[in-house]
Structures are given as C-alpha cells and as structure tokens.
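Please read these notes with the sequence and the model open side by side.

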Amino acid sequence: MVTRVALIGFSGAGKSKVGKRLANALDWSFVDTDSYFEEKYRISIPEFFRKYGEDAFRKCEHEVLKELFDERNRVIACGGGLPCFEDNLSLLLKNCCCVYLKLSPESLYDRLTKSKTVRPLIAQQKPDELLDYIKKMLTIREQFYLQAHIICKGESLSLPDLCNSIQKTIDNYCK
C-alpha cells in the first residue's frame, strides 16, 4: 500500500509550505527534494546549475528521488521540473499518491515576484517577461502535472479537504 504523498507543481505553487503542513496533519515525515539535493551534494541548486548545467542537475535529481522512496509515511515536496524529466513521473505515480498543486499563471507570477528564494530557471527571466515564461512552461509541464492522482486548486487549498482526498485516493487507487 502506498504510504507516501508527493506534491508536484510549478515553482512557487507552495509545495514546501503545504507539504510541511500536510506532514504535520498526517503525523508523517517531510522532505523537500531541493533541500535534500543541496544537503546531499553540499552545493546550492543555483550554484550547481552554474557549474554543471541543467542536464547534470536532472540526472542527480533523479537519483535523489529514488532515495526518498526508502521511507514510508513521508510527504515529498518535489522541485517544479522533477516530474518532467527522466522517468520521475512514473516513479512518483508508482510509489506515491501524487498531488498537483495547480495555480493560475497570474497567481504563480505574483508569488514568484514576491519570493526571496532563488530559482535558477526563473532567475534568468526579466520581470516583464516572467508571466509569458510561466505560461509557456506551464503549457509544457502540465502534460506531466495533470497525470497526478489528485489535482487541487492551490489558491483555495483546504488542508482537511486535501487530507480526505489523499486518504480516499490511497484507499481506492494507490494500492
């Protein structure tokens, strides 16, 4: 039986924040793939991108993901691009109840422009081009995100409702 939840979605969707709250509500552990990556490789993701590039990052990120399936009763907040590379999405769907935190491009733009977190792929965008970039990337990435077991609207997320949906999904589909 699946005893892991993976939160997927675009950068700024709130996966880490929601993941911590969800793990607390379920009394499970929480791990953020980006934080785990940085601890394991002892380098920040922006620095890794600068030194080694995105292709090397995606290969290492894939290895990180596989390590996170060792523990049960865990909520995993995935990096925004993680489900879109390697065979990560199929691994997530097989080993976790996947939840897509879906937000509009405008909501993501608002969150990302206010965020203090450095995000390598977004840092390259000029503020007046960011919304178009988000729309373009969502068009590409949503083909992966929309395969999640649960899709919830990030702007009006109810943690109790999400917990109920996860339990029903695990009971019915993720065995």
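Is Lys 40 exposed, partly exposed or buried? Lys 40 counts as partly exposed, at 34% relative accessibility. Here buried means under 20% relative accessible area, exposed means over 50%, and partly exposed is in between, computed with a 1.4 Å probe on protein chains only.

1. Basis of the notes. This is a predicted model, in which local features need pLDDT of at least 70 and side-chain atom pairs count only at pLDDT 80 or more, while totals for chains, interfaces and linings use all residues. Residues are numbered from 1 along each chain as its sequence is written, and side-chain values use heavy atoms, with hydrogens and water left out.

2. Confidence. The pLDDT, the predictor's confidence in each residue on a scale from 0 to 100, averages 91 over the protein, and 96% of the residues score at least 70. Helices (H or I, at least four residues) and strands (E, at least two) are DSSP runs, numbered from the N terminus. Where pLDDT is low, the predicted coordinates should not be read in detail.

3. Salt bridges. Side chains of opposite charge can pair when their charged atoms come close. A salt bridge is counted when a side-chain nitrogen of Lys or Arg lies within 4 Å of a carboxyl oxygen of Asp or Glu. The count by this rule is 10.

4. Lys 40 and Glu 67. These two form a salt bridge, and their closest N and O atoms are 2.1 Å apart. Lys 40 is in helix α2 (residues 33-41) and Glu 67 in helix α3 (residues 45-67), so the pair ties together parts that are 27 residues apart in sequence. Glu 67 is partly exposed, at 26% relative accessible area.

5. Glu 142 and Lys 102. In this salt bridge the closest N and O atoms are 2.7 Å apart. Glu 142 belongs to helix α7 (residues 127-145) and Lys 102 to strand β4 (residues 97-102), so parts 40 residues apart in sequence are tied together. Glu 142 is buried, at 18%, whereas Lys 102 is partly exposed, at 32%.

6. Lys 114 and Asp 110. Their salt bridge has its closest N and O atoms 3.1 Å apart. Both residues are in helix α5 (residues 105-114), four residues apart, so about one helical turn separates them. Lys 114 is exposed, with a relative accessible area of 60%, and Asp 110 is partly exposed, at 35%.
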